[in-house]
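Hello,

Here is the structure I promised to pass on. Please have a look, and then read on for what turned up.

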Amino acid sequence: MVEFEGVIESIIYNNESNGYTVARLKKDNDMVTIVGYLPLINEGQPVKVSGEWVNHPEYGQQLKVQSYSEVTPTSLEGIERYLSSGLIQGIGPVMAKRIVEKFGADALDIIEYNPDKLTEIEGIGPKKAQTISGSFQKGRELRNVMVFLQTYGISTGNSVKIYKKYGQDAINLIRENPYRLTTDIFGIGFKTADRIARSLGIDMCSKYRLMAGIKYVLGEYCAKGGHTYLPYDILVSECERLLEVPREMLEEACVSLVMNKELVMEDMDGCTAVYLMPFYYSELGVSKRILEILSSAAKKIDANADLAITSYESETGIKLADKQKEAIISAIQNGVVIITGGPGTGKTTIIKCIINIMESSDMKISLAAPTGRAAKRMAEATGRESKTIHRLLEMGYTEDENSMVFLKDDSDPIDADAVIIDEASMIDIVLMNNLLKAIVPGTRLILVGDVDQLPSVGAGNVLRDLISSGVIPVVRLTEIFRQSQESMIIVNAHRINKGELPYLNERDKDFFFIDARSQEAVLKLIQELIKNRIPRFKDCAEPQKYIQVLTPMRKGICGVYNLNSSLQKILNPPSQDKDEK
């Protein structure tokens, strides 16, 4: 951590909504680029900054500011420059010079404590004097809030959000109940609020603490485990362990949260399920919308399914398997269908055939996938535009940039006769709810994915649950096609799903297991594989473009940091002919 004082020489970039700033700071005779959340700074303002040096790949060395404070100038020249910086509304360079000439070193005290005296200066009437004083006080309030919050380790960016939310009452509101931050301010969690509360001497049994702690535990289980709810007994036991308070008090807090409509409790197979509101309403929304789409009449497809499939086979020279034909016919006949199968089972071929048949009936089709990579693959395979689900729903942010919103919903739905979603196993419950909101009944929905893949990172195991419901037509693909059978990766994926041991180290194949008993040996082996063995095996002249290394950790000999450094020495060694950052 470095710390120094200087004067803001120029502001290169400033985001007014959150205070993120890139600026040039004059330190003695040196110029330094500083970046970070620096609200209310202006050119000519003296500041003290602390942070860490970072190297930007394009702009070079910068100071990433973690905290800063305004330095009150003491010299007449410094005061004049500070006043003329534009920080205080109503004062420009000419007026700053007059104020300093009139009041000298007392100029700032006059503005803050005795603004009526400003009317002694030509060009300043009572109204303008109050404007100047009010602007100065507003800046001082924000600085006071920031100093207060930085004492508890809250970043400058979050401090700005807090001030915008609570204004001049921020310090008093936080002293009363710091746990309100967990609900009101995106980016501040229970542990931060709890640390502030302990410093302020708030009782560990405070109802605010218990209610925030319960939501925190429930949220953590949903975020890390992918759950949408938690059994009541498990929730209370975990809260009892974390918060170190009697169970009875936690049970009372749960009731209060339910009464405040912050939690939902519902009987489920003999146990009480406790939901956070977004997940509860997302589950309800998905269930309701699926039933609405299933029960609504979709736009009729004129083509005879069997003849259309035969025609597609003739045009492409592809012979479709029976299960592939079944999936295509199901997509034509039903409002909602799920097509699931492992790698190499022909899901992409099915999508292409469905598109061909629907477009021949003048149907408008939207293609999407949960991630950019999956959407790109879908576009390359089909030759049609494919979007991420977020882009399809026209994702945006609220004015305060705290919340994500989708512009497409039931009031402005997706303009399509059919929506085809690939990699559907990656969709979480909240995203699925937003997607279904934007699909009006009468639009066909085709979900394609591998139910045996890892579920979504977010809450919910949507594809598996939809299949298990028994309500939606499902076609399961199990046959691996000839081209895919040549890849041991695909063959072994299916063997593992069946509980069978994978084939290892088959000659001229692509799935190998190499035993190494120490981290040093693993590192040496990886270097040899990337430098020599894999390029020879795959006839790969530029391994850095075609080889990807995955590791489960960041630190250590085989961690991300050391691997990247070690592999760079092999793949991109230093040279006088290269520009080095």
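A word on terms before the details: helices (H or I, at least four residues) and strands (E, at least two) are DSSP runs, numbered from the N terminus. This is a predicted model, where local features need pLDDT of at least 70, side-chain atom pairs count only at pLDDT 80 or more, and totals for chains, interfaces and linings use all residues. Residues are numbered from 1 along each chain as its sequence is written, and side-chain values use heavy atoms, with hydrogens and water left out.

Let's begin with one residue. Arg517 sits in the loop between α21 (488–497) and α22 (519–538). Is Arg517 buried or exposed? With a relative accessible area of 74%, Arg517 is exposed (exposed means over 50%, buried under 20%, partly exposed in between, with a 1.4 Å probe and protein chains only).

Now for the whole chain. It holds 24 helices and 16 strands. The domain assignment, which is automatic or from a database, gives domain 1 (1–66), domain 2 (72–152), domain 3 (169–278), domain 4 (296–477) and domain 5 (519–571). Taken over C-alpha atoms, the centres of domain 1 and domain 4 are separated by 47 Å. The C-alpha trace spans about 95 × 70 × 55 Å along its principal axes. Of the 581 residues in the chain, 41% are buried.

Enjoy exploring!
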